[in-house]
Amino acid sequence: MILLSIKVIVSGKRACFTRPEMKAERVSYDVPTPGALEGLLKSIYWKPAMRYVIDRIIVFNPVEFTSVRRNEVKSKVKLGKMKAQMKEAEEVKQGKRDAITTDPRIYTNIGDERTQRASMILKNVRYGVEFHVELTGIRCEREQEECDPLKKHQAEFIRRCRKGQYFRQPCLGCAEFPAEVVLTDSFQLNEVCEENKGRHDLGYMLYRVCFRDGGRPVHGDWEKKVFSDEAESLFYRPIMEDGIIDVARYKEAVTC
């Protein structure tokens, strides 16, 4: 089984990799977390049978912060109301009722649903991300036995990335901060800025959030597909040397 090392350049005008200890106002880490980069890659291509493992992060641009204030919504759309609306829509289609009465939408111009929050975010970011694909052991019944699933997933990601295809817009921590992702054969380390040269202790950082169900539904019932939301946060303490964070080096030292 060959683990192909894939390299991409990720860039954007804004980014926010929120520190979990900051409750009221968002404050970004100096660099992206491996979990955030995994989510970005999943926006391009993902299947339950695979997972992305981040090996290296190269920070090309200086770490620059800026403060912004944004209007945000306090509440979330209720799942029960969404299901009720879908049920009513089906009944309207079948002629069992005249109109849909349930409205799950949130109106920001009514009541106090809208609030302002300040955020300390990154600007003008550019990262090199080196990663590989591993199999989770969750296999789709439609997959052929003779096909090499690892090779297939690697090739599919590369194909979609080259064409600029994605399932949802890749973002840098927040949905409103879009990212540009470009494949590359190698990183030009001479492009790392002077501010990032040397040895920088980044302190304790969130590595990723690990869900205990491992991507499998409750009781293995793939018909209902009900997943557990129980998870634990994994942390690590990386060192950036000359702009390079060797994430694979700290894999064994990850702690809850």
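The legends below accompany close-up views of a predicted model. Because the model is predicted, local features need a pLDDT of at least 70 and side-chain atom pairs count only at pLDDT 80 or more, while totals for chains, interfaces and linings use all residues. Residues are numbered from 1 along each chain as its sequence is written, and side-chain values use heavy atoms, with hydrogens and water left out.

View 1. The side chain of H132 makes a polar contact of 2.8 Å with the side chain of D55 and another, of 3.0 Å, with the side chain of E134. A polar contact is a pair of N or O atoms within 3.5 Å, of which, within protein, one must be able to donate a hydrogen and the other to accept it, and residues adjacent in sequence count only if both atoms are side-chain atoms.

**View 2. Strand β3 and the strands that pair with it.** Of the ten residues of β3 (residues 50-59), eight are buried, so that the strand is mostly covered. Nine bridges join β3 to β5 in the antiparallel sense, and among the residues concerned, Y52 has V133 of β5 as its bridge partner. Strand β11 (residues 244-245) also runs antiparallel to β3, through two bridges, with I57 standing opposite I245. Two strands are taken to pair if DSSP finds at least two bridges between them.

**View 3. Cysteines without disulfides.** A disulfide is a pair of cysteine sulfur atoms within 2.5 Å, and by this rule the count is zero. The closest cysteine sulfur to that of C16 belongs to C174 and is 4.5 Å away, which is too far for a bond. C161 is likewise in no disulfide, with the nearest cysteine sulfur, that of C171, 15 Å away. C16 is buried at 1% relative accessibility, and C161 is buried at 8%.

**View 4. Helix α2 and the residue G95.** G95, which follows α2, has a positive phi, near 80 degrees.

Terms used: Buried < 20%, exposed > 50% of the residue type's maximum accessible area, 1.4 Å probe, protein only. Helix = DSSP H or I, 4+ residues; strand = E, 2+ residues; numbered from the N terminus. Expected span 1.5 Å × (residues − 1).
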